[in-house]
Amino acid sequence: MNLSELEALLRRRNQTSDWTAVRDKFQPDYTMIDGMEAYHFYSAVDVASELVEGSIAISQQPYESYIPLHIHNYLELTYVYEGSCTVQIQHKEIPLGKGSFIFVDKEVPHRVLETKPTDIVINIILRMDYLSPAFLSRLSHQSIISSFLVDSLVDSRRRNRYLLFQADSRDERIPHVMEQIMCEYYDRKAYSQQIIDSYLVILFTEMIRLNEHLLKVKGDKEDKPAHSLIDFLKYIEDHYRDCTLTQMAAHFNFHPNYLTALLKQGTGKSFKELLQLQKISKATLLLQHSDLPIEQIVGEIGYSSISFFYRKFSEIYGMTPVQYRKRREAML
C-alpha cells in the first residue's frame, strides 16, 4: 500500500457512529469519576461498530459522533491525520492540529469531542502485553531519555497522565512514520508486525528528539537560565556511575532542593529514582551484549549491593537479571 492508497482508504472509512447503538450492542459498564460517568472500554470499536482486537490495533474516529468520557486498560495514541480535533482529559480540553498527537495513559478518563467530516483522526491502541520486556528493551537500554518515555507509558501511579506532542510543520518525520505504520497495518504482508514494531521504536525516539522544546523547565527569570529537562536527564546519563545530587545541582548552578523540585515536576521522579533507572538501563545493555557475570555488571554500573540491584531490576522488568538474560538469549 502506498501513501495515496492509504489516504483513499482512510477517506472511505471516515464514517459516523451512533453511540446509543454501540452502547446497546456492547453494554459497557461505567463508573463515576468526579461526578461524571466514565465508561469502561476494554476493546476499541471501529467505524463499523465492530470490536478491534489485538495487542496493537488501529481504529478511526467517527466524525460528527458523540463519544462519551471513558477509560480503558490500554494505552491510546490519538493522531490527527487530517484536519483537527479536541481531546478532553476529564475537565480539560486539548486542541490538536494536523500532525499532532496525544498519548493517553491507561485508566485516564478522556474522550474526543465531535469532529467534522473533513477531519481524519486515528487511534492506535497498545495493550500492556504488547509492551513486553523484549520490546521495551529496544528503547530503554539506549539511555535514560528513552527510559523516561518508557516509564511514562508503563507507570500507573499517577492520575490523568498524557503525553502531548504538537506538530512541527517544518518536520515531516513523525507524519511519515505514522503513515508507514498505518500502511503496514492495513496491508498486512510477511513481517508486517516486525516492521510496525520497528516504526514504533522510531516514533517513540522521534517524540523525544523532535519535541525537546515541550519539555523546557524554566529557572528563575532574573538570574537563572532556562534548562531543558533533556539536559538534566542527559547529565544523569553521562555521570550515572558516581553522580550525586549536590554535584548535579552545582553543575546547573541550582540549589539541590530547587533541582529536586524541577526533576519531580518534569518527570514525577526524584533524582535518586532517575539515577537508579539509568543504572538499570545500563545493566540491561550489558546483560544483552556481554557475557559479564552479574557481580561484575553490578560493579560496572556503580552499585555495591548485589541484592539491591536484583530488587530494583525486578521492580522495573518483572524478572531477575538472570531470567532477563536467558530470555534475551532464547530470542536470538
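**Terms and their grounds**

Guide: Let us begin with Tyr191, which is found in the loop between H5 and H6; helices (H or I, at least four residues) and strands (E, at least two) are DSSP runs, numbered from the N terminus. This is a predicted model, in which local features need pLDDT of at least 70 and side-chain atom pairs count only at pLDDT 80 or more, while totals for chains, interfaces and linings use all residues. Residues are numbered from 1 along each chain as its sequence is written, and side-chain values use heavy atoms, with hydrogens and water left out.

Visitor: Why is Tyr191 called exposed?

Guide: Buried means under 20% relative accessible area, exposed over 50%, and partly exposed in between (1.4 Å probe, protein chains only). Tyr191 has a relative accessible area of 61%, so it is exposed. Tyr191 also has a positive phi of about 70°, although it is not a glycine.

Visitor: What makes Glu107 partly exposed?

Guide: The relative accessible area of Glu107 is 46%, and therefore Glu107 counts as partly exposed. Glu107 is found in the loop between E10 and strand E11 (110-112). Its phi is positive, at about 65°, although Glu107 is not a glycine.

Visitor: Why is Gln276 called buried?

Guide: Gln276 has a relative accessible area of 14%, so it is buried. Its place is in helix H10 (residues 271-289). Leaving aside neighbours within four places in sequence, Gln276 is in contact (heavy atoms within 4.5 Å) with Tyr303, Phe308 and Lys312.

Visitor: Which cysteines count as buried at 6% relative accessibility, and why?

Guide: Cys85 has 6% relative accessibility and therefore counts as buried. Cys183 counts as buried because its relative accessibility is 6%.

Visitor: How many disulfides does the model have?

Guide: A disulfide is a covalent bond between the sulfur atoms of two cysteines. The rule applied here asks for a pair of cysteine sulfur atoms within 2.5 Å. By this rule the count is zero.

Visitor: What makes a set of residues a nonpolar core?

Guide: Such a core is a set of buried Ala, Val, Leu, Ile, Met, Phe, Trp, Tyr and Cys residues joined through side-chain atoms within 4.5 Å. The largest has 35 residues, of which Leu77, Phe101, Ile122, Ile124, Ile181 and Leu203 touch the most other members. Elements that give two or more residues to this core include strand E7 (75-82), strand E12 (120-126) and helix H5 (173-186). With seven residues, H5 gives the most. Apart from this core lies another, of 30 residues, among them Leu274, Leu275, Leu287 and Val298.
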